[in-house]
Amino acid sequence: MTNSPESMGIYIHFPFCRKKCSYCDFYSLPITAPGVLNQYTDCLERELTLRTSECDLPLASSYLGGGTPSLLPPQDIERVIAAINRDYPPSGEREVTIEVNPATVDRQKLADLQRAGVNRLSIGVQSFVDRELTILGRVHDSRQGHQCIDWAQQAGFTNVNLDLIYGIPGQRRSDWLATLTRAMDCGPQHISAYLLQLEPDVPLAREIATGQQAMLTDDQEADLYYEGRALLLSRGYQHYELSNFAHPGFQCRHNLTYWRGGRYLGVGVGAVSFDGRQRHLNSPPLEDYMAALLNGTPPPRQLLETLTAEQERAEAFIIGLRLTQGIDREEYCSRFGADALGPFQDAVNRLAAQGLLVVDDRRIALSPRAYFISNVVFREFVD
Ligand code: SF4
């Protein structure tokens, strides 16, 4: 893994979606006016230029997420990537990812993205069971998911992630394992498997509250997690983060920046930046963000939090545990000037005695039986 806090990432948020999925509480908007995508791209270019001074480390990755950034025409995506390369000159090979919704691309568009400089795709397949895609309110079906992967490979992409969701209402063990098997049969280098988690005000949560759908039990969800993990491991994927699996050398560099406590620049409305101590949000609404940049001024920003030294240590400890290799004690010590155990010694001893943490001279890591209940462990390290 080449990422370290000595490099940074840029996250570009694209807030538009064709239709809101039933489980989504991200900041995403319908496209209401023709030309808005082009104007939004203008704003991204301007913001990138305005913020160069905030990036004083080599840029290891850029990530176009959303929303549905694959709704942008390839020439707009090319403009954004060109602006990053112009204002943040590459010092080495850079990972450039775009999230792709299978319903928004065709063979030509994926080939154009390759030419534009995208070298990694994250395809939001979510499931290969159409009934589940309907429950999730996705705008594509399983056939389009397959087709998108085929086109990506034909276009020459050799670094492809598939996003999958488990714990969907009514999902049977056989459905989940079939989705995973079909996903692996497509040969992606990376698979993300996320548990469906619902905020109370999303449509699917309301369907559950009114009895139209039923969530799986915690035990059923845990079984899906561990059976899915075993299947992925049996096919040569390495489990490197709680929800992420990759062939050797294909871990997501951009996300590793987050998980290793690194800094990142968030560009676009709704994007969050982290400078190592403070988190800032590019505040919605979209209209204010665009009006500011089209007038040549910085967009409105909101300070979300300032970490104290203790919070910084605790946060690095917790997100470090998300990686299956755990916390590198030497690296942690050189960053904070103290051993990772420090104030956490009692909690670590207790959790190790329960078989939830594995501790040796070099590392502190979750044990596999703690992976699905990681939040229970993390709570021990928060005031
Ligand atoms: S495509 Fe993604 S961001 Fe858009 S509504 Fe669906 S889950 Fe939300």
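Buried, as used here, means under 20% relative accessible area, exposed means over 50%, and partly exposed covers what falls in between. Keep that in mind for this tour of a predicted model.

Let's begin with Glu 331, which has a relative accessible area of 35% and so counts as partly exposed. The side chain of Glu 331 meets that of Arg 260 in a salt bridge, with 2.5 Å from N to O. This pair ties together distant parts of the chain, 71 residues apart: Arg 260 sits in the loop between helix 9 (253–259) and strand 9 (263–267), while Glu 331 belongs to helix 12 (residues 329–336). Arg 260 has a relative accessibility of 17%, so Arg 260 is classed as buried.

Glu 45 and Arg 79 join their side chains in a salt bridge at 2.7 Å, N to O. Glu 45 is in helix 1 (residues 36–50) and Arg 79 in helix 2 (residues 74–87), so to speak a link between distant parts of the chain, with 34 residues separating the two. Arg 79 comes out as partly exposed, with 22% relative accessibility.

| Pair | N to O distance |
|---|---|
| Glu 45 and Arg 79 | 2.7 Å |
| Arg 260 and Glu 331 | 2.5 Å |

The count of salt bridges for the model comes to 21.

**Around the ligand**

Which residues surround the ligand? They are Cys 17, Lys 19, Lys 20, Cys 21, Tyr 23, Cys 24, Phe 26, Ser 28, Gly 67, Thr 68 and Arg 138. Sorted by type, this shell has 5 nonpolar, 3 polar and 3 charged residues.

Ser 28 is one of the shell residues, and you'll find Ser 28 in the loop between strand 1 (8–14) and helix 1. With a relative accessibility of 12%, Ser 28 is buried. If you skip the neighbours within four places in sequence, Ser 28 is in contact with Pro 15, Cys 17, Lys 20 and Gly 67. Ser 28 and Gly 270 lie 242 residues apart in sequence, yet their C-alpha atoms are 9.0 Å apart in space.

Gly 67, also part of the ligand shell, is located in the loop between strand 2 (59–66) and helix 2. The peptide bond joining Gly 66 and Gly 67 is cis, and its omega is about 20°.

**A few backbone details**

There's a cis peptide bond from Pro 284 to Pro 285 as well, where omega is near 5°. Pro 285 has its place in the loop between strand 11 (278–282) and helix 10 (286–294).

Gln 126 isn't a glycine, but its phi is positive, at about 70°. Gln 126 is part of strand 4 (residues 120–126), and its relative accessibility of 7% makes it buried.

**Strands and sheets**

Strand 9 is mostly covered, with 4 of its 5 residues buried. Strand 9 pairs with strand 1 in the parallel sense, over 5 bridges, and in that pairing Gly 9 stands opposite Tyr 264 of strand 9.

Elsewhere, 3 strands make an open sheet with antiparallel pairing, in the order 13-15-14. Which strands are at the edges? Strand 13 (327–328) and strand 14 (357–359) are, each pairing on one side only. Strand 13 pairs with strand 15 (residues 363–366) in the antiparallel sense, over 2 bridges, and Ile 327 has Ile 364 of strand 15 as its bridge partner. Packed on this sheet is helix 11 (residues 309–322), which touches strand 13, strand 14 and strand 15. The direction of helix 11 makes about 65° with that of strand 15.

How values were computed
Residues are numbered from 1 along each chain as its sequence is written. This is a predicted model: local features need pLDDT of at least 70, side-chain atom pairs count only at pLDDT 80 or more; totals for chains, interfaces and linings use all residues. Side-chain values use heavy atoms; hydrogens and water are left out. A salt bridge is a side-chain nitrogen of Lys or Arg within 4 Å of a carboxyl oxygen of Asp or Glu. Buried means under 20% relative accessible area, exposed over 50%, partly exposed in between (1.4 Å probe, protein chains only). Two strands pair if DSSP finds at least two bridges between them. Contact means heavy atoms within 4.5 Å. Axes are lines fitted to C-alpha atoms, for helices over the stretch in contact, and angles run from 0 to 180 degrees between N-to-C directions. A residue is near a molecule or strand if one of its heavy atoms lies within 4 Å of it. Ala, Val, Leu, Ile, Met, Phe, Trp, Tyr, Cys and Pro count as nonpolar, Asp, Glu, Lys and Arg as charged, and the others, Gly among them, as polar.
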